[in-house]
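Please consult the sequence and coordinates shown here alongside the text.

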Amino acid sequence: MIIDCHGHYTTAPKALENWRNQQIAALKDPALKPRASDLKISDDELRESIKGNQLRLMKERGSDLTIFSPRASFMAHHIGDFETSSTWAAICNELCFRVSELFPDHFIGAAMLPQSPGVDPRSCIPELERCVREYGFVAINLNPDPSGGHWTSPPLSDCHWYPLYEKMVEHDIPAMVHVSTSCNACFHTTGAHYLNADTTAFMQCLTSDLFTDFPTLRFVIPHGGGAVPYHWGRFRGLAQEMKKPLLKDHLLNNIFFDTCVYHQPGIDLLTRVIPVDNILFASEMIGAVRGIDPETGFFYDDTRRYIDSTPMLDAQARHKVFEANARRVYPRLDRALIAKGL
Ligand SMILES: [Zn+2]
């Protein structure tokens with residue numbers, strides 16, 4: 001089977017965005033504040049929003065199951081306070097859960113956390129636990145910069161984050177390190193902020209001994225790892241200067257990269273530089289880059305083509321990228337599949 005470890009609910013019915021806009025408006029005028037129960041989206045509307053979009057493309061492109069989380073750019077943790085994020089995260093996670101109930105063979109959830117700048121990440125634990133225990137979610141998205149491009153939080157290696165890591169280890173769930181909208185004009189959200197964050201997260205881990213403290217903690221760094229694979233020699237050299245172990249021992253038992261790289265040479269490089277055990281198939285469709293590549297005639301985010309075509313992977317390696325690695329990195333997903341006889 002083919003597991004896509006990176007999909008967001010980017011096609012949610014318009015009512016969701018309207019509710020959020022009202023929540024934001026209420027920050028200035030509390031009389032406008034909507035209740036969570038004011039948002040009404042029927043199962044039919046959810047079905048429609050998925051069937052003609054993500055599910056259609058999954059069938060066309062031949063992927064089977066997507067690890068599905070709320071729309072990343074909409075998380076916007078910088079807006080409002082903890083209560084704002086908490087209500088918003090609960091709503092968005094519940095919608096992803098409902099999608100996973102409507103299409104149980106094709107979607108399984110990953111949680112957005114109710115992060116808020118300056119608020120102790122411990123505050124996210126109740127939502128994390130609810131999503132794992134009640135919704136059967138198999139992962140979380142962790143935003144290393146809830147300020148939205150101003151980087152006011154300590155690095156991921158700081159004990160600031162440890163309470164969350166303890167919960168991740170306890171529940172055996174990985175985190176995709178995923179920022180949200182940039183509110184810093186210097187950083188375009190999907191073209192700069194996302195890739196900066198991927199690179200930054202990797203370097204924060206490299207300079208630390210985080211995985212000595214948490215040997216079973218797992219991070220998925222999306223978007224092909226930002227600049228990491230391309231500059232692998234630089235990172236190896238920096239680790240050497242810092243007297244760190246070889247990167248394969250220092251980081252690669254814990255860090256994995258997805259394949260959201262939207263051209264063949266990028267995937268060829270990723271699969272050449274990064275060990276195959278650390279690469280997870282993903283497309284992030286329908287996401288930031290929705291067009292057709294005039295050089296190939298295919299959608300940029302039709303990433304399966306690049307995996308199928310890269311000379312670096314044989315059939316066994318391809319199976320790892322498409323399925324086996326995801327089952328290892330997301331053990332709760334593996335258990336859910338085994339329970340279905342898959
Ligand atoms: Zn994403």
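Predicted model: local features only at pLDDT ≥ 70, side-chain atom pairs only at ≥ 80, totals over all residues.

The strands form an open sheet of 8 strands with parallel pairing, in the order 1-2-3-4-5-6-7-8. Its edges are strand 1 and strand 8 (279-280), each of which pairs on one side only.

Strand 2 (residues 65-70) is mostly covered, with 6 of its 6 residues buried. Strand 2 pairs with strand 1 (residues 3-9) in the parallel sense over 5 bridges, and His-8 stands opposite Ser-69 in strand 2. Strand 2 also pairs with strand 3 (residues 107-112), again in the parallel sense, over 3 bridges. In this second pairing, Thr-66 stands opposite Phe-107 in strand 3.

## A helix across the sheet

## Packing of helix 2 and helix 5

Two packed helices are described by the angle between their axes and the distance between the axes. For helix 2 (residues 43-51) and helix 5 (residues 82-102), the angle is about 80° and the axes are 10 Å apart. Helix 2 is therefore roughly perpendicular to helix 5, because angles of 65 to 115 degrees are classed in this way.

Which residues make the contact between helix 2 and helix 5? Helix 2 contributes Asp-43, Leu-46, Arg-47 and Ile-50, while helix 5 contributes Arg-98, Val-99 and Leu-102. By class, this contact has 4 nonpolar residues, 3 charged residues and no polar ones.

## An exposed helix

Is helix 10 (residues 232-241) buried or in the open? Of its 10 residues, the number buried is 0, so helix 10 lies largely in the open. The cut-off behind this reasoning is that a buried residue has 20 or more other C-beta atoms within 10 Å of its own.

Just after helix 10, the backbone at Lys-243 takes a positive phi of about 60°.

Note on methods: Residues numbered from 1 in each chain as written. Axes fitted to C-alpha atoms, helices over the stretch in contact; angles between N-to-C directions. Helix = DSSP H or I, 4+ residues; strand = E, 2+ residues; numbered from the N terminus. Parallel < 35°, antiparallel > 145°, perpendicular 65-115°, else oblique. Contact = placed C-beta atoms within 7 Å. Nonpolar A, V, L, I, M, F, W, Y, C, P; charged D, E, K, R; others polar. Buried ≥ 20, exposed ≤ 12 C-beta atoms within 10 Å, placed from the backbone. Pairing = 2+ DSSP bridges.
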